[in-house]
Amino acid sequence: MRTIIKNGILVTSKAMYKADVLIEQGIITDISENILLDTNDLVINANNQFIMPGAIDVHAHLAVPGTVDDFESGTKAAAMGGLTSIINFTNPTKGQSFLENLREWKDKAKCSYIDYGFHSIINECSEKVLAEIPKLANEEGVTSIKLFMAYKNDVMVSDLDMYKLMKKAGESGMIVNVHAENGDVVDQLRKEAISEGKTAPIYHAETRPASLEAEATNRAIRIAEVANTPVYIVHVSCSDALQEVERAKKRGRIVYAETCPHYLVLDKSYLELPDFEGGKYVCSPPLRDKQDQNSLWEGIRKGSISTIGSDHSSLLFEGGKKIGFNNFTLIPNGLPSIEDIFHVVYHFGVHEDRISLNKFVDIMSTSPAKIFGMYPRKGTLEIGSDADIVIFDPSKSRVVSKKEQHQSTDYNIYEGLELQGRITHVLSRGDVIVKENTFLGEIGRGKFIYRKKFTLN
Ligand SMILES: [Zn+2]
């Protein structure tokens, strides 16, 4: 059976025009005005709505122990929010083979509704680990690793280990994700705060200042420079860190920056909400000042920020975040964002005139696909691409409410926001998985994305 989307306005990262889209066996096989219908065709009338490539979230933490979204609820929420692919982080167990760990994660993802890939978090640097890295890229289609400069005595790696791991990854054709905050100094500031009786959620932000994110961002970029490896700074939250990325880009370095919707829309005053409501907003890096939001939007416009990731972490408030009621250092870090990322970025970006619609498609879909080896199969609407498509009605609106969400958390960080624009259909490889608020996807239909090695596009 063929599927034809008629009467829509096709939007890519570069163009916008009236066109019909023909889909056969999950692939786009024609894009032109007035495609002729056959009797058996499934016809979707887009009715002057936008037809865009499905969004790609390259920063998801589904199925992490202690969180409530597995690949089933998480990818359902993602699809309801316009995402058609995710790259999820694995969580390693110290001493375990990373290849074996990856196999466990592939098993966890078998119930996925949309296509998925993985970044391997690497938290140690033994000969065994160094030997496994090329296999991730050459045999497993996992062409990125992630390193942490924060979370001391947990996943943090030393500068020396970071250098060795980056070098090996670079030689293997991979790109390295880095969480850039100075973990040693943050750890000290947290101890100082607690000893001074500063236990409220706001001190989470005070003890992770922008300077320590900027310092680590520069250090990661400089070490990657020496290791000759492309580097991707995850969740850039502030102007200071972004300036380090911009300086490196001026030197000609291959460095990409990602931000998250919460850094664009929320600020650290949320951490001071009464009755420990502020605890809901604890993530790292922390929410920053209002001025930082303007810098991040400017970075998106200029191209110094390439992508927006959800950093979805489905921690509960009751029985989760509240563990840190008397001590902010015990509050588990992370925010739920996978279901709302698309609508939030559209509303504050396109609807409020901060970015163009083409730029929206670029940061939500095309750039992530290019950086992480999925383009042009994913991230664009071209003949030969997977038919991962969002149909979007800019005239509709909706108020965000946890009552209507599909993610499993007991709160929504965007609660009560009225967002302009609404997804009406989501297609994943040609299957209509969302239609007007109704989820139609079949469990386990999502496929593993075997990604290509890093290249400059
Ligand atoms: Zn993350």
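Which protein residues are the donors of the zinc ion? In this structure the donors are His59 and His61, each through NE2, and Asp311 through OD, and they lie 2.0 to 2.1 Å from the zinc ion; donors here are N, O and S atoms within 2.8 Å of the metal (3.2 Å for Na, K and Ca), and water is not among the atoms, so sites may look incomplete.

Before I go on, please keep in mind that this is a predicted model, in which local features need pLDDT of at least 70 and side-chain atom pairs count only at pLDDT 80 or more, while totals for chains, interfaces and linings use all residues. Residues are numbered from 1 along each chain as its sequence is written, and side-chain values use heavy atoms, with hydrogens and water left out.

Along the sequence, the donor residues follow the spacing H-x1-H-x249-D. His59 sits in strand β6 (residues 55-60) and Asp311 in the loop between β13 (307-308) and α11 (341-351), so this pair ties together parts that are 252 residues apart in sequence; helices (H or I, at least four residues) and strands (E, at least two) are DSSP runs, numbered from the N terminus. Both His59 and Asp311 are buried, meaning under 20% relative accessible area with a 1.4 Å probe, protein chains only.

Let me turn to helix α12. Helix α12 (residues 357-371) gives six residues, the largest share, to the lining of the second largest pocket. A pocket is an open set of points on a 1 Å grid over the protein atoms alone, where a 1.4 Å probe fits, with protein on both sides within 12 Å along at least five of seven lines, and lining residues have an atom within 4 Å of a point. That pocket is lined by 15 residues, and among those nearest its centre are Tyr256 and Asp362.

Methods. Buried < 20%, exposed > 50% of the residue type's maximum accessible area, 1.4 Å probe, protein only.
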